[in-house]
Amino acid sequence: MQQYPGVTSISPQEKNLSAELMQQVAEHKGCGTSGGSGKASCGSSAAQGDMPPEIWEKVKNHPCYSEEAHHHYARMHVAVAPACNIQCNYCNRKYDCANESRPGVVSEKLTPEQAAKKVLAVASTIPQMTVLGIAGPGDPLANPEKTFKTFDLIYKTAPDIKLCLSTNGLALPDHVDTIKSFNVDHVTITINMVDPEIGAEIYPWIFYKHKRIKGKEAAKILSEHQLQGLEMLTERGILCKVNSVMIPGINDQHLVEVNKAVKSRGAFLHNIMPLISAPEHGTVFGLNGQRGPTAQELKRLQDNCEGEMNMMRHCRQCRADAVGLLGEDRSAEFTTEKIMAMDVQYDAGTRKAYQELVEHERQEKVAAKNSELSELAAQRSDIKLLVAVATKGQGRINEHFGHAKEFQVYELSTAGAKFVGHRRVDLYCQGGYGEEDSLATIIRALNDCNAVFVAKIGGCPRDELSKAGIQPVEQYAHEFIEQSAIAWFKDYLEKINSGEISHVRKGDADIRQGAYVAA
Ligand code: CLF
Ligand code: SF4
């Protein structure tokens, strides 16, 4: 193992404990094995019995590390880290770090002190906010003083909040022990390649040891540091997620190799995200016409890698000052001006009591799903299909069709309901009126789904969806998503078996070419 200056060795005792944890991570074949598919996936409902207690403690209320948790718990980012030490061809420095953010959005930069006040203000307002992440707008470890000062302030004032960090990995080996000492329990490293030839097409340069280094040499150093940093973190028992940006024609095939490389070094979760590229972003890829993947290509690659390790499919590529549940953005409620005017009363007891209620409801949800699943297990069928769900959180079907800005998509089979992605759409209901253009876009976005579950839907969209072969389902309004989807699927199979209806293939749960890619 390569040694880095300033990095102290871990004790043999700590190493033993961490090796044990790493082994548990390696053996853990997914948060969602209770679904019965036997496939590794953090994309389905994780329950306490599915994994070792040490890992469960780390992921149970982290919305990015557990798909199931993201229905209930929120995260926030503070934009304290403006500088970066590398250049990615999908990034324009006018905007936030595109490794954890969609291009074209800019965050309001904060000092560590402003950030700390913001965290306490958000935590007091949103008691289900459990994780503070630093993910830009540049690279947190290219701004170590600001990043660690922020963590220090939060750890001292609100130790119940989990600390999370996202980095390109270049400076990671130098900071692993500091990360550990600040009790940062979750680290994301963006790893787009393990082959410098490919790396040279993604990274024009890095800034390392006071020098700008270009081409393959730069990519080689970056890759070595990323993998070294990953190993060092997992040896210390820090849970690691790897983000990879899928760039068709450059690293799409290669990401299977990346997946194997990061799994063998103890990564817990792999998040393959689509490249979002447009000329107006002003990036090298945007200007040279490099396209992003279709939803079909992305899903196929995620499916291919899933046998190897847990895949994240619920990432929303959020901005460096995101606040709220994944998929919702409450950052406008917490601008610096508003925060500084707030009289913040941080009450850990109230937060704890609220989170206990959340856990209670969560357990009810899992029990309801399992009871429905045991009845489905008796059915024999190879049918797999997709359904879309309108939800605003808590794992329930609780959003009106016309108010949905995105639909969550589940794959249904006799193994259960598995979350496979989300589709952002234009709002149908605009000022109380239905928007026909939006409806056409929504139908296109959901064209591979057999049904859409909603809390309520109007007559016009109901008819148009039915004509497009997408069954609107209102009967489970405000019920739990997975339990309802399984119950509906059981009923669907029974009707097929009795000849009452015939199954309509809508791509066999494979997303069609040209379907909407999350953006
Ligand atoms: Fe933030 Fe990232 Fe931590 Fe999550 S986000 S630093 S791990 S708390 Fe999550 Fe957002 Fe996707 Fe990131 S949905 S972009 S994976
Ligand atoms: Fe941009 Fe992030 Fe890449 Fe730095 S690491 S160049 S901020 S995408």
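Select Trp488 and Tyr492 first: in this predicted model, Trp488 is buried, and Tyr492 is buried as well. The two rings form a stacked aromatic pair, with 5.1 Å from centre to centre and 25° between the planes. Both residues belong to helix H15, which covers residues 481-497, and because they stand four residues apart there, about one helical turn separates them. For Tyr492 the relative accessible area is 9%, and therefore Tyr492 falls under the 20% limit for a buried residue.

Phe489 has a relative accessibility of 1%, so Phe489 counts as buried.

Now extend the selection to Phe453 and Tyr476. Ring pairs link Phe453, Tyr476, Trp488, Phe489 and Tyr492 into a cluster. Over the model, the count of aromatic pairs comes to ten.

Select ligand 2 and display the residues around it. There are 13 of them, and Cys84, Cys88, Cys91, Cys97 and Asn99 come nearest. Colour this shell by class to see eight nonpolar residues, four polar residues and one charged residue.

**Tyr203 and its contacts**

Keep Cys88 displayed and select Tyr203, as Cys88 is among the residues that Tyr203 touches. Tyr203 lies in the loop between helix H6 (196-202) and strand E6. Its relative accessible area is 1%, so Tyr203 is classed as buried. Leaving aside residues up to four places away in sequence, Tyr203 touches Ile86, Gln87, Cys88, Asn89, Tyr90, Asn192, Met193, Leu222 and Gln226. Next, draw a distance between the C-alpha atoms of Tyr203 and Ala218: the separation is 7.8 Å, for residues 15 apart along the chain.

Proceed to Trp205 and Arg212. The charged end of Arg212 sits over the ring of Trp205, at 3.9 Å from the ring centre.

Then select His210, which is placed in the loop between strand E6 (205-208) and strand E7 (211-214). Its phi is near 65°, a positive value in a residue other than glycine. Is His210 buried or exposed? At a relative accessibility of 76%, His210 counts as exposed.

Select Gln394 in the loop between strand E11 (385-389) and strand E12 (406-413). Gln394 has a relative accessible area of 38% and is therefore partly exposed.

Leu386 has a relative accessibility of 0%, so Leu386 counts as buried.

**A cis peptide bond**

Select Gly136 and Pro137 and display the backbone between them. A cis peptide bond joins these two residues, with omega at about 10°. Pro137 is found in the loop between strand E3 (129-134) and helix H4 (144-157).

**Lys241 in strand E8**

Select Lys241, which is placed in strand E8, residues 239-246. Is this lysine, Lys241, buried or exposed? Lys241 has a relative accessible area of 3%, which means that it is buried. Which residues does Lys241 touch, not counting residues up to four places away in sequence? They are Cys64, Tyr65, Glu100, Val187, Thr188, Ile189, Leu269, Asn271 and Met312.

**The whole chain**

The chain has 15 helices and 17 strands. Of its 519 residues, 60% count as buried. Among contacts in the chain with a separation of 6 or more, 73% are accounted for by residues 24 or more positions apart. With the surface displayed, the accessible area of the chain comes to about 20,600 Å², and 50% of this belongs to carbon and sulfur atoms.

How values were computed:
Residues numbered from 1 in each chain as written. Chains lettered and ligands numbered in written order. Predicted model: local features only at pLDDT ≥ 70, side-chain atom pairs only at ≥ 80, totals over all residues. Heavy atoms only, no water. Near = heavy atom within 4 Å. Nonpolar A, V, L, I, M, F, W, Y, C, P; charged D, E, K, R; others polar. Phe/Tyr/Trp six-rings, centres within 6.5 Å; stacked < 30°, edge-to-face > 60°. Helix = DSSP H or I, 4+ residues; strand = E, 2+ residues; numbered from the N terminus. Buried < 20%, exposed > 50% of the residue type's maximum accessible area, 1.4 Å probe, protein only. Lys NZ or Arg CZ within 6 Å of the ring centre and 35° of its normal. Contact = heavy atoms within 4.5 Å. Areas by Shrake-Rupley, 256 points an atom, 1.4 Å probe, with all protein chains shown as cover.
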